[in-house]
Amino acid sequence: MSPWLPILMAVPVLGAIVVALLPKGSDKLAKQATLLVSLVVLVLTLVMAVQFKTGGPRFQFQAVYDWIPSFGVKFGVGVDGIALVLIALSAVLVPIVVLASWHDADGTQSADGTLITPKRSVKTYFSLLLVLEAMMIGVFASTDIFLFYVFFEAMLIPMYFMIGSYGGAQRSYAAVKFLLYSLFGGLLMLVAVIALYVVAGKGTFMFPELVGVIQDPATQKWLFAGFFIAFAIKAPLWPVHTWLPDAAAQAPAGAAVLLVGVLDKVGTFGMLRFCLELFPDAAKAFTMPIVVLAVISIIYGAIVAIGQTDMKRLIAYTSISHFGFIVMGVFAMSQVSQSGAALYMVNHGFATGALFLAAGFLIARRGSPHIADYGGVQKVTPLLAGFFLIAGLAGLSLPGLSSFVSEFMVMIGTYTSSAFGSGALAVAAIVSALAVILAAVYILWMVQRTLNGPTAEPVKAFKDLNVREIVVLAPLIALIIGFGFFPKPLLDVINPTVTQTLVNVKVDNPAIAEKGAGQ
Amino acid sequence: MESPAEIVQHTAGGMIGASWLMIAFPLLGAAILLILGRMTNRWGHLLGVAMSLASFVVAVLTFLEIIGLPAEQRRQAVHLYEFIPGMVDMGLLIDPLSISFALLITGVGSLIHIYSIGYMSHDPERRRFFSYLNLFVAAMLLLVLADNYVGLFIGWEGVGLASYLLIGFWQFKPSAAVAAKKAFIVNRVGDFGLLVGMFIILATFHTLTFSELGKQIAEHPPSGGAVTAIGLLLLLGACGKSAQLPLQSWLLDAMEGPTPVSALIHAATMVTAGVYLVVRSGAFFFPPDSTQAIAVSVVGAATLLAGAIIGCAKDDIKKGLAGSTMSQIGYMMLGAGLGPAGYAFAIGHLITHGFFKADLFLGAGSVMHGMNDEVNMRKYGGLRKHMPITFATFFIGYLAIIGFPLLSGYFTKDGIIETAVHHQPILGWLAVLGAGITGFYMSRMVFMTFFGEKRWEKDAHPHESPAVMTWPLMILSIGALFLGGYLILSNRLYFFLSPAVGTAEATPEFDFASTAGLVTLALVAVGAGFAWVRYGRAEVPAVAPRGSFLTTFARRDLYGDALNESLFMRPGQWLTRFAVYFDNRGIDGLVNGLAAGIGGTSGRLRRIQTGFARSYALSILFGAALLAGALLLVGNI
Amino acid sequence: MTTHYLVLSGLLFAIGAMGVLIRRNAIVVFMCVELMLNACNLAFVAFARQNGNLEGQIIAFFVMVVAAAEVVVGLAIIVTIFRTRRSASVDDANLLKY
């Protein structure tokens with residue numbers, strides 16, 4: 001029994017209660033308190049992460065309490081390598097988002113001059129943010145599948161309010177769409193969770209005890225489908241992706257970062273842990289269709305991104321392309337591709353987070369997300385332009401930045417995967433590599449239209465980044481560059497978990513270049 | 001015929017162990033200049049130059065240490081750190097090939113840094129320019145020094161980024177912004193090839209490290225489709241970076257950047273990375289009569305002619321030089337496709353080209369500097385008296401590039417031509433023809449710029465550039481004079497490189513009186529004479545005449561852009577528009593339609609709730625009756 | 001023997017149901033509901049007698065109790081509606097609709 005994870009969840013919940021109970025008019029205090037709480041969580045997470053033993057048992061910092069004894073539901077938490085890095089990702093992003101959305105809940109000026117006022121108070125926004133953080137940590141930390149399901153669904157609530165109450169002009173539509181899509185997936189998953197409980201007949205929802213229990217191939221396929229559809233909507237995978245551009249475009253920039261950076265990762269995280277390990281035979285049977293969907297996502301997302309006129313929608317579509325990579329890596333079932341996919345989840349959080357926030361700072365200055373309303377920003381605000389460019393380059397996976405390492409690992413791991421002995425995965429890898437070209441087109445074309453060229457009249461009044469905004473972006477950029485050249489700390493944590501996953505999936509696909517390593 | 005020597009793991013410290021400093025210095029410079037920003041405005045350029053020079057010093061010291069080793073130990077791998085655990089470690093490979101490149105990059109690079117102090121002195125963002133230059137040098141060094149394909153690829157894209165930033169340095173000009181983007185995207189097409197090539201290498205040989213790869217290839221000489229595929233894909237990568245057909249179109253537009261950039265990146269160093277890649281991956285282009293090796297030579301020969309033809313029609317001095325760069329790199333590719341017999345000449349030409357082309361470009365920059373940034377040669381004329389040093393150095397560069405006997409270009413280019421005529425006669429004679437065209441367009445350039453009547457704009461006051469710009473020119477022209485002879489005569493470069501690239505069946509000999517060489521000289525003379533008749537003696541019209549079909553063809557860059565536009569850009573735009581429409585109306589339309597359908601149905605269904613209790617009672621009765629009837633039918637009662 | 005009781009019960013139930021459907025006065029509707037309940041009671045008691053046990057009778061008592069409670073609440077509602085709208089017609093209380 002280790003108290004770490006329950007404490008990590010309790011701190012933001014308590015913080016949220018305190019922030020919510022603050023008297024009216026103490027907005028500034030609410031912001032400061034939220035920042036403080038999220039920083040405390042960050043410090044605690046880092047202290048915990050340092051104690052993680054990479055060679056140790058798979059699940060560490062375990063804590064299991066009875067919750068609903070009659071059904072064997074437990075409040076069971078514990079982290080493996082992948083969950084740990086994702087929790088760390090959440091813990092890093094939340095303080096940054098708090099700082100970035102300092103004025104997001106105060107109301108925004110739209111392009112035509114009308115003020116879009118939020119429906120709820122400032123302190124509610126920040127209190128929701130903290131609730132969301134607790135749930136994000138909980139969803140990655142759950143070792144009980146029922147608990148995972150609860151967090152999976154409960155996460156929607158704060159996000160629904162953050163989009164629906166503080167978003168842009170179309171916020172209601174976007175929030176409802178987001179909620180309905182997610183609930184539909186969640187429902188299928190609930191059915192699958194209950195069926196798993198009944199069919200397994202073990203009287204428990206604990207994940208480690210359910211691995212390898214379901215043997216019948218047909219049962220596996222049905223349960224797999226229930227989980228997979230929920231995760232595919234969450235991820236999101238083509239063709240169930242259309243909620244993301246709406247939600248991300250309407251959400252305030254900070255919420256969009258958490259939505260795309262962390263919440264959507266639950267989908268790919270779930271695929272890697274639950275779909276693969278609980279139903280290995282079904283996963284193998286469905287691999288090819290899923291990889292095809294992933295490749296479609298990669299190319300389709302990139303092409304649609306090129307045609308977007310709205311910055312935030314563009315970034316959302318690039319994410320659909322990137323999620324395609326993650327899913328492809330997960331289902332290519334090789335050590336390299338899966339490690340790459342897990343690393344991609346983290347790197348994508350940083351890269352897209354930076355891009356969303358930089359775009360958010362631009363939009364806050366102009367009041368419009370339309371690319372055509374900008375031009376020549378670099379001349380007026382070189383610092384903002386510089387950060388925007390680096391974040392964009394991370395989005396196109398420029399070598400030397402962190403996203404390259406993961407994208408490269410996914411592609412090369414997929415190409416060299418011997419899991420199925422067919423050339424199909426190789427073809428998938430080659431087709432997905434075309435996204436390298438498309439990514440350059442969508443990012444650089446956006447950069448050209450916003451940052452370069454003659455300075456547009458309204459842009460001339462822009463002020464460059466203030467200290468708060470620099471503090472928001474600088475750590476992300478530092479992480480992107482740092483992990484770009486030295487991804488080892490993350491990979492060392494991720495690799496053993498991936499190996500264990502592959503053992504559970506019964507894929508004999510050892511690390512491809514054992515011989516080359518270390519020479 | 002020998003294959004390359006085995007790579008030994010470097011253990012002792014020394015200069016080789018510290019060779020990472022070569023990359024670290026300019027990287028540090030770039031980081032300082034970018035992070036501190038405007039605070040470094042006053043001394044930023046000096047820091048940039050200092051870092052580049054420091055890197056050059058490290059390169060020279062490392063070179064001396066390499067020279068001191070016996071030939072079979074001259075390939076040293078320096079392990080740096082674990083990069084992607086289980087797949088690849090970051091390390092440097094110090095061998096004759098990489099150190100030759102390192103010397104060229106840091107040497108010519110430092111001269112161009114110094115030159116830029118003068119050239120960019122009026123630009124308020126000179127500091128930013130130097131930070132990008134430093135970034136470029138660091139990335140280029142990583143490209144050539146990395147001991148594995150991943151490191152090479154990081155450098156490869158790093159130079160692409162630096163090139164993007166520098167072409168778009170004056171990004172407020174839409175043309176510069178577009179050119180920068182175009183360069184990056186076209187390069188990415190090549191990168192796709194390199195990337196997929198790496199996939200196949202890893203799948204086939206289970207390693208991406210040069211030393212391991214060398215061992216694997218020595219044990220089981222590769223053959224078959226995989227190697228052909230690797231070769232062709234790497235060639236695609238090389239075509240992108242080196243502006244070879246069919247990915248040449250970005251280079252001419254890249255001249256939007258400041259002239260030192262054109263000199264450093266788009267002439268002397270970055271564009272030669274493709275040649276480096278082919279030579280470094282020599283094992284995949286072996287034997288020289290394999291499909292992929294012939295493909296390299298064919299691409300080289302085609303590009304050398306295309307570049308030369310384009311060069312003939314350009315009135316913009318920088319674009320003329322850009323065409324000539326394409327053409328000269330075509331020569332190097334042609335040589336590199338010929339295997340170990342051609343490597344020494346290809347690399348030799350690469351090095352001498354680095355000097356004389358940098359000399360020419362910087363000379364052009366010096367002319368522009370004195371002529372209010374005018375680039376149209378039709379508005380030059382008679383400048384030799386007003387810019388004596390620029391003229392003298394430019395003229396030396398000119399003589400070198402057309403292959404005037406005993407100058408640098410003569411040895412290296414003739415070496416390539418002779419080897420090609422020997423191994424691939426058709427391509428070889430095409431290269432001879434290309435040399436003749438080179439004679440024409442380079443002479444045209446010199447005559448239009450420095451000879452004839454003044455055709456200046458009214459406000460032009462040509463003057464010689466400051467010493468900080470002319471000194472680098474002089475140093476470069478010394479290289480253009482003598483370097484080729486030094487490298488090629490008595491096969492100095494060939495023997496120096498052979499541990500890294502292997503040796504040919506017969507040691508090449510430079511023949512002063514070969515048929516091909518003499519024909520080349522004759523053709524060059526004819527070309528130069530023709531240029532004198534057209535542009536030296538005759539008056540040059542201030543506005544370009546319409547010219548024949550061929551002239552238009554060359555002016556429009558052989559319709560390369562038109563081809564790209566109609567083949568890729570337009571269909572791409574249609575596809576994008578269709579995809580966006582499909583996403584909004586198709587997929588999202590389906591979802592929204594479903595929602596609207598459900599909403600509409602429920603809107604109608606609720607009309608059933610009339611509010612009359614007795615009608616509800618009736619429906620309850622019917623319901624009960626139905627239920628009872630159903631139960632009776634099933635017969636379970 | 002039981003059949004006769006059941007026929008009577010069915011008739012009573014049908015009369016009650018008809019009354020609920022066609023009468024408008026809330027009090028009459030209410031009484032018809034009571035009639036239906038008691039028809040059921042009759043059937044329960046008849047079955048109890050046939051089977052010789054007490055379960056049907058017990059349920060009949062339950063029904064009576066529930067019916068009594070229902071009368072209390074129902075009459076209260078009817079009286080309140082009558083007070084506010086001066087009408088005891090069930091068709092007039094139709095505000096609760098789509």
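## Close-up views of a predicted three-chain model

**View 1. Helix 9 of chain B and helix 13 of chain B are roughly parallel to each other, because angles under 35 degrees count as roughly parallel.** The axes of helix 9 (residues 225–241) and helix 13 (residues 291–313) of chain B cross at roughly 20 degrees and come within 8 Å. Helix 9 of chain B makes a right-handed crossing as it passes helix 13 of chain B. To find the contact, look in helix 9 of chain B for Thr228(B), Gly231(B), Leu232(B), Leu235(B) and Cys239(B); they meet Thr291(B), Gln292(B), Ala295(B), Val296(B) and Val299(B) in helix 13 of chain B. Six of the residues in this contact are nonpolar and four are polar, while none is charged.

**View 2. Helix 6 of chain A meets helix 11 of chain A in a left-handed crossing.** Here the axes of helix 6 (residues 156–166) and helix 11 (residues 253–263) of chain A come within 10 Å, crossing at roughly 145 degrees. Met159(A), Met162(A) and Ile163(A) are the residues from helix 6 of chain A, and they meet Ala255(A), Leu259(A) and Leu263(A) from helix 11 of chain A. Sorted by class, this contact has six nonpolar residues, with no polar and no charged ones. A handy reminder for tracing such faces: an α-helix has 3.6 residues a turn, so residues three or four places apart point the same way.

**View 3. Helix 20 of chain A is largely enclosed by the rest of the structure, since 13 of its 16 residues are buried.** Helix 20 of chain A runs over residues 435–450, and at 1.5 Å a residue it should span 22 Å; its end C-alpha atoms are 22 Å apart, so the two values agree.

**View 4. Chain C touches chain B through 10 residues of its own, which are in contact with 11 residues of chain B.** Seven residues on the chain C side are nonpolar, one is polar and two are charged. Chain C has no contact with chain A, and the closest C-alpha atoms of those two chains lie 23 Å apart.

**View 5. Leu621(B) sits in helix 24 (residues 613–634) of chain B.** Leaving aside neighbours within four places in sequence, Leu621(B) is in contact with Ala17(C) and Leu21(C). Is Leu621(B) buried, exposed or partly exposed? Leu621(B) has 14 C-beta neighbours inside 10 Å, so it counts as partly exposed. For a sense of scale, the C-alpha atoms of Leu621(B) and Phe496(B) are separated by 104 Å, although the two residues are 125 residues apart along the chain.

**View 6. Chain B as a whole contains 24 helices and three strands.** Its C-alpha trace spans about 115 × 65 × 55 Å along the principal axes. Of the 637 residues in chain B, 58% are buried.

Methods. Residues are numbered from 1 along each chain as its sequence is written. Chains are lettered from A and ligands numbered from 1 in the order in which they are written. This is a predicted model: local features need pLDDT of at least 70, side-chain atom pairs count only at pLDDT 80 or more; totals for chains, interfaces and linings use all residues. Axes are lines fitted to C-alpha atoms, for helices over the stretch in contact, and angles run from 0 to 180 degrees between N-to-C directions. Helices (H or I, at least four residues) and strands (E, at least two) are DSSP runs, numbered from the N terminus. Angles under 35 degrees count as roughly parallel, over 145 as roughly antiparallel, 65 to 115 as roughly perpendicular and the rest as oblique. A crossing is left-handed if the near helix is turned anticlockwise from the far one by less than a right angle, and right-handed if clockwise. Two residues are in contact if their C-beta atoms, placed from the backbone, lie within 7 Å. Ala, Val, Leu, Ile, Met, Phe, Trp, Tyr, Cys and Pro count as nonpolar, Asp, Glu, Lys and Arg as charged, and the others, Gly among them, as polar. The expected span of a helix is 1.5 Å times one less than its number of residues. A residue is buried if 20 or more other C-beta atoms lie within 10 Å of its own, exposed if 12 or fewer, and partly exposed in between; C-beta atoms are placed from the backbone.
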